[in-house]
Amino acid sequence: MDPAADAKRIVRKGYDAVSHAYRADDAALAFPYDRFLEHLTPLLRAGDRVLDLGCGCGVPMARELAQSCDVTGVDFSAVQIERARALVPTASFVCADMASVDLPAASFDAIVSCYALIHVPLEEHRAIFSRVHTWLRPGGHALLVVGSQTWSGVEDYLGAPMFWSHEGTETNLRWIEEAGLTVLTHEFIPEGDVGHTMVLARRPQA
Ligand SMILES: C[S@@+](CC[C@H](N)C(=O)[O-])C[C@H]1O[C@@H](n2cnc3c(N)ncnc32)[C@H](O)[C@@H]1O
């Protein structure tokens with residue numbers, strides 16, 4: 001098996017195993033998701049089409065957004081998607097790899113991806129930023145949680161092997177801009193001794 005496929009198998013099996021340990025069915029809207037929504041919701045209108053890449057079990061992000069928007073979630077963990085369909089019945093969910101899922105161009109007003117790109121092999125990140133650009137309508141927004149430091153490797157996570165792969169903030173910002181998106185703001189989101197970077201970007205008007 002090639003290294004990228006092997007890494008993805010570790011992530012998919014890992015989230016199948018730790019789905020419930022990672023997030024309870026009834027998890028409240030709390031930091032950092034409330035912070036992400038503070039940035040995003042003023043940019044959304046009722047009925048907007050929102051894509052959640054690496055949506056997990058749909059809680060809390062898809063659940064909150066689906067109260068006023070038409071949400072599609074994509075995740076390649078079958079357990080996460082099965083839970084998302086039950087927990088957020090008003091949204092649509094697709095079990096697929098975000099690097100290869102087929103979605104129409106310019107079909108979303110907003111795209112969110114929280115803590116998912118950090119599990120995608122690094123060599124695929126730039127192509128995914130380009131896919132985000134393609135899937136957004138001109139003027140649409142992306143809220144992406146990416147790495148704040150360079151690191152790739154496998155470690156135990158909640159009792160299962162897990163793979164991470166990410167670059168630091170400056171490289172992510174450059175790759176996002178190179179994909180054709182305009183970075184509007186970015187913010188360090190602490191988590192224990194480390195943290196991630198939230199990036200809010202927009203596809204320029206045609
Ligand atoms: C840390 S969880 C985050 C879930 C959710 N976004 C949240 O913030 O609660 C990462 C999720 O990304 C998914 N994921 C990782 N790589 C993926 C890929 N290449 N395609 C689709 N989903 C992926 C995993 O299966 C997992 O459910």
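Y15, D16 and S19 in helix α1 meet A78, V79, Q80 and R83 in helix α4, where a contact is a pair of residues whose C-beta atoms, placed from the backbone, lie within 7 Å. By class, this contact of α1 with α4 has three nonpolar, two polar and two charged residues; Ala, Val, Leu, Ile, Met, Phe, Trp, Tyr, Cys and Pro count as nonpolar, Asp, Glu, Lys and Arg as charged, and the others, Gly among them, as polar. The model is a predicted one, in which local features need pLDDT of at least 70 and side-chain atom pairs count only at pLDDT 80 or more, while totals for chains, interfaces and linings use all residues. Residues are numbered from 1 along each chain as its sequence is written.

How do these two helices lie? The axes of α1 (residues 3-22) and α4 (residues 78-87) come within 7 Å and cross at roughly 40°. That makes α1 oblique to α4, since angles under 35 degrees count as roughly parallel, over 145 as roughly antiparallel, 65 to 115 as roughly perpendicular and the rest as oblique. The axes are lines fitted to C-alpha atoms, for helices over the stretch in contact, and angles run from 0 to 180 degrees between N-to-C directions.

Now step over to the sheet. Seven strands form an open sheet in the order β3-β2-β1-β4-β5-β9-β8, with mixed pairing; two strands pair if DSSP finds at least two bridges between them. At the edges are β3 (92-95) and β8 (182-191), each pairing on one side only. From one strand to the next, the twist averages 15°. Strand β2 (residues 70-75) runs parallel to β3, and four bridges join them; G73 has F93 in β3 as its bridge partner. Here we meet α4 again: α4 packs on the sheet, touching β2 and β3, and its direction makes about 170° with that of β3. Helix α6 (residues 169-178) also packs on the sheet, touching β5 (136-147), β8 and β9 (194-202), and its direction makes about 20° with that of β9.

Not counting residues up to four places away in sequence, L200 touches H39, H141, L143, L184 and T185. The C-alpha atoms of L200 and H39 are separated by 7.7 Å, although the two residues are 161 apart along the chain.

The loops deserve a look too. Most residues other than glycine have a negative phi, and most peptide bonds are trans. The peptide bond from F31 to P32 is cis, with omega near 5°, and P32 is found in the loop between α1 and α2 (33-40). Another cis bond joins V59 and P60, with omega about 5°. Y115, not a glycine, has a positive phi of about 60° and sits in the loop between β4 (108-113) and α5 (125-135).

Finally, the whole: the protein has six helices and nine strands, taken as DSSP runs (helices H or I, at least four residues; strands E, at least two) and numbered from the N terminus. Of its 206 residues, 41% count as buried.

Technical notes
Two residues are in contact if their C-beta atoms, placed from the backbone, lie within 7 Å. A residue is buried if 20 or more other C-beta atoms lie within 10 Å of its own, exposed if 12 or fewer, and partly exposed in between; C-beta atoms are placed from the backbone.
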